[in-house]
Amino acid sequence: GTTSAVALGSYYLLFRKKPEPEPEPEEKGPKVVYLIRHGQSTFNAAYELTEKDPMIFDADLSDLGKKQVEELETKCKSLDPMPEVVLSSPLTRALKTALGGFKGSGVPVQVEPLLTEHLTDSCDIGSTPTELEQRFKGSGVSFKHLDTIWWYTDSEADEPQTSPEACQRHYQQYGYMEPPLHLNARVEKIVEIVNNHEAQCIALVGHADYMNELADAITGSEEDLWLANCEIKMFEVKEPEVVVNWGDG
């Protein structure tokens, strides 16, 4: 009767299988970021000889730069941890370095215009997405998210800066540079992107001036970090939610 049902219910409650406790989420280790400078460019090689801007726009790798990238490929194979993604400046010398350095690794290479060099010289004026698609055909890299003119342009130029040729003409005639505040804003954005990225290990391939500013931002230090061509520097993100608490790896 009723008593038996109550007793049976009590027996069930006493001996029923208790649900397994949910496993605690794994604690992620510190985020690792590699800063990598491109191989020597044709601009670098020419400038070393004359110390004058040779007017080489979106400079390619020099012969020495190509050899440096081959050596970088060997270094990248031994990186530990291995990057889950490579973010590269769209300038030709940097992107060729990223693709060559991580060739055959299976690590995807993505173009990030925020990583482009501080525009101070002719080599920092880039190429359009259409030009880049032709130049890097078959690489698997997408340029669809880039604006036609994705590098810094002089807002006071007489001629509308709507094509690489217009930017080149203006630079050749007057010369111009990206204001430091504009550069700093780009650096802050890339730090935010890295901190919020799902990947725990990221490689950033870019340029000397930019990487120096970026190192300052991620370490909170004002010490200069001038990377040599194809040099790698590793940092660990101790507390990803706090931008200034990046420390040396």
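I'll start with helix H7, residues 180-196: its 17 residues reach 25 Å from the first C-alpha to the last, close to the 24 Å expected at 1.5 Å a residue. Keep in mind that this is a predicted model. As for burial in H7, the buried residues are Leu183, Arg186, Val187, Ile190, Val191, Val194 and Asn195.

Next, the largest pocket. The space in it comes to about 240 Å³. Its lining is made up of 16 residues, and those nearest the centre are Arg37, Phe43, Asn44, Asp121 and Cys123. Which helices each supply at least two residues of that lining? They are H2, residues 42-50, and H8, residues 208-219. H2 gives the largest share, with 4 residues. By type, the lining has 7 charged, 5 polar and 4 nonpolar residues.

Last, Asp58. You will find Asp58 in the loop between H2 and helix H3, which covers residues 63-77. Is Asp58 buried or exposed? Its relative accessible area is 8%, so Asp58 counts as buried, the cut-off being under 20%.

What does Asp58 touch, leaving out residues up to four places away in sequence? The contacts are Leu91, Thr92, Ser122, Cys123, Ile125, Gly126, Ser127, Leu132 and Arg135. For Thr92 there is a distance to report: its backbone nitrogen lies 2.8 Å from a polar atom of the Asp58 side chain.

Technical notes:
Residues numbered from 1 in each chain as written. Predicted model: local features only at pLDDT ≥ 70, side-chain atom pairs only at ≥ 80, totals over all residues. Heavy atoms only, no water. Expected span 1.5 Å × (residues − 1). Buried < 20%, exposed > 50% of the residue type's maximum accessible area, 1.4 Å probe, protein only. 1 Å grid on protein atoms, 1.4 Å probe; cavity = no way out; pocket = protein on both sides within 12 Å on 5 of 7 lines; lining within 4 Å. Points joined across faces, edges and corners; volume = space filled by probe spheres on them. Nonpolar A, V, L, I, M, F, W, Y, C, P; charged D, E, K, R; others polar. Polar contact = N/O pair within 3.5 Å; in protein donor to acceptor, adjacent residues only side chain to side chain. Contact = heavy atoms within 4.5 Å.
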